[in-house]
Amino acid sequence: MILIKNGHVKTMAGPDLLSGCVLIDDQGKIAAVGVDLTAPEGAEIIDAEGRLVTPGCVDAHCHIGLDNEAMGWEGMDYNEIVDPLTPQMRAIDSINPQDEAFENAIRGGVTTACTGPGSANIVGGTFTAIKLVGKRVDHMYIKEAIAMKCAFGENPKRCYGQGMKKSPMTRMGSAALLREILFKTRRYLQDKEDGKNPAFDMKLEAMIPVIKGEIPLKAHAHRADDILTSIRIAKEFGVGLTLDHCTDGAIIADELAKEGYPAFVGPSLGSKTKIELKNKSFTTPNALYEAGVKVSIITDAPVIPLQHLPLCAGLAVDAGLPVEEAWRAITINPAESTGIGDRVGSLEAGKDADIVIWTADPITTVGGAAYLTMVDGKIVHRLDK
C-alpha cells in the first residue's frame, strides 16, 4: 500500500483538504481520502510536503497515438480518406503506445485521454478511452468504444467535395449522409431483431451501439449552425451526443444550455487556420459555463501537445473561467461526459489511483509541473528521479 500525506488534496468530489492524505491499495485503487489517515504497517509513505495533489488530468478529445510525433506521413493513422462513411474503423487498431507523446503527457500530469479518428469523414469510427502508460493498447483502454466520431463543416467538404468531387460538397450533403446511415442502421437493427437475417453489413453493425444508445455521436463542429445541425440530427434519431470543439459556443450558449449536451472546447491555443475558427477564443469555456453548459477543455493533440492541457485551462481562467471550474474541465467533467467517471476524474475511494503531485498549481502558476505522476497506483514519473 501507499500513503500520500501532507498534501493540498483537490479531490474534485468535494472541498479541498488542506492537509490531506490519499491511501492506495495493492490493486492500484484509492482506498481512502481524508485527513490524518494512518498508514498500514509496511506501507510506502510519500510526503507531498504541502504540494497540490489532484486526480490525473483527462482529455476528452485528442488523436494521441494515431497522429504520431516526429513521424510525418507515416505517423498519420487517423483519417481513412477513401469513403465519407467509415464507422467500422476502430481507434485501437491505429494507436501506437510507443509514440513519445505518451511519455510527454504523463510528465505533464495527463493520465487519461479519449483518442480516435480525425474529422475527414462524416462518420470516422470509434473513439477509445485509454490510460497513457503501457506497451500494448489492449491493456491500456478503460473503455474500448466510448463514442462514434462524426464531423460537420469544412473538413469533410474539403476532403470530398473539393478533392474527390463527390458528396459531401455542402453542409446539406454532410447532414444527409449522416441521416442516411442512421436510417439504414435503424432498419438493419429492426430486421435483425425481427429475425429477418439481413445480409451482414460491417458499417451498420458498427453503428448499432449508437442507435441503441450505448455510445454517443462525437460531433466535430465549430460553427454555430453546424453545432445546431448535430443536435437536430441527434434528436431526430434519439441518440446521444457530445459537442466537440464548439468554437462558436458562446454565440449560442443559451440554446446549448437548454439542450443539455456536454461541450468539449478547444483547441483554443494557436492561430485561426480556417474560416470556421474565426471566433476561437479562451473566453468560450466561461461563456458556456455561465450559461449552464457542462464544459471540458481539450487539446485536440497533437494540435496542442497533450501535456499542455493544464496550460489551456489556465488560459481559460485568465479569460474569466473560475479556477475551480477550470480544474473540473480537465478532470471530473471530461471523465463523466465520456462515460468513464466511475474510474477516473476524482480522488474517491474505489476509483483508480491516477494521481498527480504538482510542483505548483499549473492552472494559476506558469511553470507548475508534475512532481510525481501515478497511474493505477504505480509511480510512472517523478521529477527528482
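To sort residues by class, Ala, Val, Leu, Ile, Met, Phe, Trp, Tyr, Cys and Pro count as nonpolar, Asp, Glu, Lys and Arg as charged, and the others, Gly among them, as polar. Please keep in mind that this is a predicted model, in which local features need pLDDT of at least 70 and side-chain atom pairs count only at pLDDT 80 or more, while totals for chains, interfaces and linings use all residues. Residues are numbered from 1 along each chain as its sequence is written, and side-chain values use heavy atoms, with hydrogens and water left out.

On a 1 Å grid over the protein atoms alone, a cavity is a set of points where a 1.4 Å probe fits but cannot get out, whereas a pocket is an open set with protein on both sides within 12 Å along at least five of seven lines; lining residues have an atom within 4 Å of a point. Grid points are joined across faces, edges and corners, and a volume is the space filled by probe spheres set on the points. There are 2 cavities of 30 Å³ or more here. The second largest cavity holds about 40 Å³, and the residues lining it include His 245, Thr 247 and Lys 280. Its lining consists of 2 nonpolar, 6 polar and 1 charged residues. The largest cavity has about 50 Å³ of space, with His 63, Asp 99 and Gln 307 among its lining residues. Sorted by class, that lining has 6 nonpolar, 2 polar and 3 charged residues.

Helices (H or I, at least four residues) and strands (E, at least two) are DSSP runs, numbered from the N terminus.

Which helix gives the most to the lining of the largest pocket? That is helix 2 (residues 154-162), with 3 residues. In helix 2, Glu 154, Asn 155, Pro 156, Tyr 160 and Gly 161 are buried, where buried means under 20% relative accessible area, exposed over 50% and partly exposed in between (1.4 Å probe, protein chains only). Their cover includes strand 9 (141-151), helix 3 (171-193) and strand 10.

Strand 6 runs parallel to strand 7 (residues 110-115), joined by 4 bridges, and Cys 57 stands opposite Val 110 in strand 7.

Our last stop is Asn 286, which sits in helix 7 (residues 284-291). Is Asn 286 buried or exposed? It counts as buried, because its relative accessibility is 11%. Leaving aside residues up to four places away in sequence, Asn 286 touches Gly 320, Leu 321 and Pro 322, a contact being heavy atoms within 4.5 Å.

Technical notes: Two strands pair if DSSP finds at least two bridges between them.
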